[in-house]
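Subject: Structure handover

Hello,

Here is the structure you asked about. Please open it first, then read my notes below.

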Amino acid sequence: MRNWRWDFLVLLHLAFLLGTEAFKFHKTQRTERISGDHSHMPLVVKVETLSWFYSSAGDVLEDDPVGRLKVFVYELPSKYNKKILQKDPRCLSHMFAAEIYMHRFLLSSPVRTLNPEEADWFYTPVYTTCDLTPNGLPLPFKSPRMMRSAIQLIASNWPYWNRTEGADHFFIVPHDFAACFHYQEEKAIGRGILPLLQRSTLVQTFGQRNHVCLKDGSITIPPYAPPQKMQSHFIPPDIPRSIFVYFRGLFYDVGNDPEGGYYARGARAAVWENFKDNPLFDISTEHPTTYYEDMQRAIFCLCPLGWAPWSPRLVEAVIFGCIPVIIADDIVLPFADAIPWEEIGVFVAEKDVPNLDTILTSIPPEEILRKQRLLANPSMKQAMLFPQPAQSGDAFHQILNGLARKLPHDRSVYLTPGEKILNWTAGPVGDLKPW
Ligand SMILES: *[C@@H]1O[C@H](CO)[C@@H](O)[C@H](O)[C@H]1NC(C)=O
Ligand SMILES: *[C@@H]1O[C@H](CO)[C@@H](O)[C@H](O)[C@H]1NC(C)=O
């Protein structure tokens with residue numbers, strides 16, 4: 001009884017999408033394609049030519065930060081960055097790699113100044129996510145000591161830290177829970193943000209409203225996903241999206257959450273329990289070699305929270321034109337002031353996961369098409385990526401734009417000589433040991 005109905009619905013959806021797609025394709029071939037317009041060109045598509053069409057997509061995406069801010073890059077001994085990377089080059093390709101690429105980018109960026117006296121922002125290149133387990137996941141245990149050590153160093157060798165106690169300094173902290181430095185939420189909350197970073201701007205992948213690990217004024221960024229690798233998996237844009245809902249990943253993390261319900265606050269388990277036998281849902285724990293291709297054949301890609309609300313799926317969904325279905329209550333999305341996430345994606349409350357099928361099948365086809373058109377906007381994709389070399393409008397530029405928008409610094413951040421606000425002896429005792 002149930003199955004014919006689903007099949008019918010899928011067919012109806014697809015017939016409509018394909019019909020409309022063909023129609024649109026012929027009508028406005030230059031600018032509008034629903035299944036992605038990227039397979040035949042590099043990711044750097046000429047952003048300008050399309051921008052008029054997507055004016056609702058947020059013009060700030062194309063802001064040029066050059067001339068709007070100057071950044072001074074502290075020179076640290078290589079044990080804080082390059083040496084760590086040499087020990088484990090996997091740090092270059094994991095989803096925490098933004099800290100490395102941002103450092104490299106800034107070294108040769110026109111916003112860099114060698115004169116700290118004229119700098120608007122100070123940047124300390126510390127690679128805190130590059131101490132990896134055999135499985136390649138970052139261990140955060142030494143990160144607080146390492147960060148403290150770096151801050152101690154810049155505070156004693158240059159006068160700029162003490163001037164504001166870090167209020168004109170920014171740090172890249174891409175750990176699961178950012179500068180709380182733990183991968184388990186409870187422990188992360190228990191630690192809180194490293195006391196010495198209380199006044200600084202944190203550039204982080206973690207984003208959740210009203211969470212102790214996200215400070216006001218932080219900049220939420222996309223996780224690193226390898227641009228070349230994704231590009232090499234592009235399929236022809238005319239291949240229809242024959243998968244309704246797609247997801248690959250864990251539903252349970254038995255190793256770390258044997259009782260269940262804690263991992264992903266139960267949302268992933270609910271996806272599995274409710275939809276494992278539903279023909280509209282192509283969901284599994286197995287990561288196929290065709291993962292990137294499959295996303296280009298799917299209409300909706302689930303982006304549920306895991307241990308943290310963020311994951312690379314969000315970036316992959318945008319790059320592959322698959323409408324992200326965001327299941328992570330209170331998530332703060334990357335560059336939310338520049339990217340119209342509400343228009344691109346579908347937001348489903350964690351408690352509504354059991355109704356996911358009804359929610360998604362009730363979205364009118366014209367709304368799906370509108371979201372797909374927005375997703376096809378090259379500037380949207382560009383903003384999600386950290387390409388080598390950097391390109392205008394990419395994630396590096398969005399970070400700089402975010403920093404530029406925070407200028408000028410309020411005069412109140414400048415301390416009177418000798419004034420101290422931060423407490424150098426606060427925090428867990430283990431963190432106070434030298435690094
Ligand atoms: C900054 O203040 C600390 C004390 O909090 C002091 O040890 C350090 O020498 C000062 N840095 C400079 C460059 O004066
Ligand atoms: C700094 O933090 C430590 C540990 O929490 C506390 O014992 C000390 O009183 C604090 N110092 C100041 C000046 O607040």
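Let's start with a pair of residues in two strands. V203 has I219 as its bridge partner in β5. Bear in mind that this is a predicted model.

**Around β4**

V203 belongs to strand β4, residues 201–204. Two bridges join β4 to β5 (residues 219–220), and the two run parallel. Strand β3 (residues 169–172) also pairs with β4 in the parallel sense, over three bridges. There, F170 has T201 as its partner in β4. Between these two strands comes a helix: β3, helix α7 (residues 185–191) and β4 form a right-handed β-α-β unit.

Is β4 covered on one face or on both? Both faces are covered. T201 and V203 are buried on one side, and L202 and Q204 are buried on the other.

**The five-stranded sheet**

Next, look at an open sheet of five strands. Its order is β7-β6-β8-β9-β10, with parallel pairing. β7 (281–284) and β10 (346–347) stand at the edges with a single partner strand each, so one side of each has no neighbour in the sheet.

Now go through the pairings:

- β6 (residues 243–248) and β7 pair in the parallel sense over four bridges. R248 has S284 as its bridge partner in β7.
- β6 and β8 are also parallel, with three bridges. I243 stands opposite A298 in β8.
- β8 and β9 (residues 323–327) run parallel and are joined by five bridges. F300 has I323 as its bridge partner in β9.

How many residues of β8 (residues 298–304) are buried? Seven of the seven are, so the strand is largely enclosed by the rest of the structure. β8 is also part of a right-handed β-α-β unit, together with helix α11 (residues 313–319) and β9.

**A helix with a buried face**

Helix α14 covers residues 365–375. Its residues I368, K371, Q372, L374 and L375 are buried. Seen down the axis of α14, the buried residues fall within an arc of 160°, so they line one face of the helix.

**Ligand 1**

Which residues are around ligand 1? They are A155, S156, P159, N162 and K420. By class, two are nonpolar, two are polar and one is charged.

Best wishes

Technical notes: Residues numbered from 1 in each chain as written. Chains lettered and ligands numbered in written order. Predicted model: local features only at pLDDT ≥ 70, side-chain atom pairs only at ≥ 80, totals over all residues. Buried ≥ 20, exposed ≤ 12 C-beta atoms within 10 Å, placed from the backbone. Pairing = 2+ DSSP bridges. Right-handed = clockwise from strand over helix to strand, strands pointing away. Near = placed C-beta within 6 Å. Nonpolar A, V, L, I, M, F, W, Y, C, P; charged D, E, K, R; others polar. Arc of directions from axis to C-beta.
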